[in-house]
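Please open the structure in your viewer and keep the selection tool at hand.

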Amino acid sequence: MSKVYLSLGSNLGDREENLKRAVFELEHWEGIILKKLSPIYETKPVGYLNQDMFLNIAVKVETNIKPYNLLKVVNEIEKKLKRERLIRWGPRTIDIDILLYDDIELKDEVLTIPHPRMWERAFVLIPLSDINPFIKRGDVYIKDLIEKCPDKEGVKLYKENWYNGV
Ligand SMILES: Nc1ncnc2c1ncn2[C@@H]1O[C@H](COP(=O)(O)OP(=O)(O)OP(=O)(O)O)[C@@H](O)[C@H]1O
Ligand SMILES: Nc1nc2c(c(=O)[nH]1)N=C(CO)CN2
């Protein structure tokens, strides 16, 4: 089975409930095994600034679903949670990004893995290093990348041990 890391974010509606529902969907999706969940962090918006604070988490799953099909799965879950894309980097009930998929590297119009912007986003790297501090970019541990992220001061622990099903 492949080891996959996902990043989830929400800043619209009941943010914690949205994360719970998305994790519930992943947990119950045929062919996906939920392995690890990070604490929830409350994070200042990055990119498009005029919007509410996000809640962000990282999730580790194991699966035999191939990358492009996994993208379809996460898009379906986003749809199920009534995500609407109005503004690039703008408000959303739920956003699910595929960060890492084993050691695969791929890049086209549809899918880029590793996620191209993950390495400079503390809202991604901080929860990710909670569930696996040994992830590296080249020779550098993600913990050392966090130091250089412009948004690192905007990431605050919100809740640990928050998921017990929905
Ligand atoms: N690793 C990836 N995970 C999820 N989507 C990806 C990935 N690589 C490319 N995409 C593509 O990006 C498209 C736009 O995604 P989305 O609207 O969620 O971007 P965003 O979350 O607003 O911004 P960002 O990509 O900077 O986080 C998706 O439809 C998908 O095809
Ligand atoms: N804090 C924070 N900022 C963001 C986020 C996010 O999940 N958290 N997602 C974005 C687009 O993926 C753009 N900006």
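Two residues are in contact if their C-beta atoms, placed from the backbone, lie within 7 Å. In this protein, residues 24 or more positions apart account for 73% of the contacts with a separation of 6 or more. The model is predicted: local features need pLDDT of at least 70, side-chain atom pairs count only at pLDDT 80 or more, and totals for chains, interfaces and linings use all residues. Residues are numbered from 1 along each chain as its sequence is written, while chains are lettered from A and ligands numbered from 1 in the order in which they are written.

Colour the chain by secondary structure. There are 4 helices and 10 strands, where helices (H or I, at least four residues) and strands (E, at least two) are DSSP runs numbered from the N terminus.

Next, select Leu6, Ala22, Val59 and Leu125. These have the most contacts inside the largest nonpolar core, which has 41 residues. Such a core is a set of buried Ala, Val, Leu, Ile, Met, Phe, Trp, Tyr and Cys residues joined through C-beta atoms within 7 Å. A residue is buried if 20 or more other C-beta atoms lie within 10 Å of its own, exposed if 12 or fewer, and partly exposed in between.

Now select α2 (67-80). Its buried residues are Leu70, Val74, Ile77 and Glu78. They cover an arc (of the directions from the helix axis to the C-beta atoms) of only 105°, which puts them on the same side of α2. The buried residues of α2 pack against β1, α1, β4 and β5. On the other side, Tyr68, Asn69, Lys72, Asn75, Lys79 and Lys80 are exposed.
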